[in-house]
Amino acid sequence: MTPSIPIGRYACTLEHDNRLTLPAEWLGYLGANQHVIVLPDPGERCLRLVPAGNMELRLAKMRERALRDPAVNRALQVIGGVSEFLDVDADGRIGISEKLLAFAGITCQLVIVGCEWYAQLWSLEELMRHESK
């Protein structure tokens, strides 16, 4: 089975206007829907980058359960409140808000780590701390 987003690691530099150029080989995985969702990772000090189509599949399942389960409904509220829906521009770049970058401690150097259906965006320093645990 082909992953929904490539795996692997990519070292990147955040541009001065908080724009991040996605790896070229990843753009084909986004297909015609050139949108991503970026949100804080719930368990790590990094960000999750999820192709919009992948996120929609997961949210649809959660919406079905939310009618019966208040905890799932609350999770949807949290996800909706902290997520950013971003267009990928013609150069393969996305603009990430200061708020999300601050959450992950990303200022300049970062590493994108592919995780099958989403990617993690780590500050280089935070990833090194995480991997030394």
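A residue is called buried when its relative accessible area is under 20%, and exposed when that area is over 50%. The model used throughout is a predicted one.

**Exercise 1.** Locate Asn 18 and decide whether Asn 18 is buried or exposed.

*Solution.* Begin with the position in the chain: Asn 18 lies in the loop that joins strand S1 (8–13) to strand S2 (19–21). Next, take the relative accessible area of Asn 18, which is 15%; because this value falls under the 20% cut-off, Asn 18 is buried. Finally, list the contacts, leaving out residues up to four places away in sequence: Asn 18 touches Ile 94, Gly 95, Ile 96, Glu 98 and Leu 101.

**Exercise 2.** Compare the reach of helix H3 with its expected span, and identify which residue caps its N-terminal end.

*Solution.* Helix H3 covers residues 70–82, 13 residues in total, for which a span of 18 Å is expected at 1.5 Å a residue. From the first C-alpha of H3 to the last, the helix reaches 19 Å, which is close to that expectation. The N-terminal cap is Asp 69, which places a side-chain oxygen 3.0 Å from the backbone nitrogen of Ala 71.

**Exercise 3.** Describe the order of the elements, and judge how compact the protein is.

*Solution.* Read from the N terminus, the elements follow the order β-β-α-β-β-α-α-β-β-α-β-β-α. The radius of gyration is 15 Å, close to the 14 Å that the globule rule gives for 133 residues, so the protein is as compact as a globular protein of that length. As for burial, 41% of the 133 residues count as buried.

Key: Residues are numbered from 1 along each chain as its sequence is written. This is a predicted model: local features need pLDDT of at least 70, side-chain atom pairs count only at pLDDT 80 or more; totals for chains, interfaces and linings use all residues. Side-chain values use heavy atoms; hydrogens and water are left out. Helices (H or I, at least four residues) and strands (E, at least two) are DSSP runs, numbered from the N terminus. Buried means under 20% relative accessible area, exposed over 50%, partly exposed in between (1.4 Å probe, protein chains only). Contact means heavy atoms within 4.5 Å. The expected span of a helix is 1.5 Å times one less than its number of residues. A polar contact is a pair of N or O atoms within 3.5 Å; within protein, one must be able to donate a hydrogen and the other to accept it, and residues adjacent in sequence count only if both atoms are side-chain atoms. The radius of gyration is taken over C-alpha atoms; the globule rule is 2.2 Å times the number of residues to the power 0.38.
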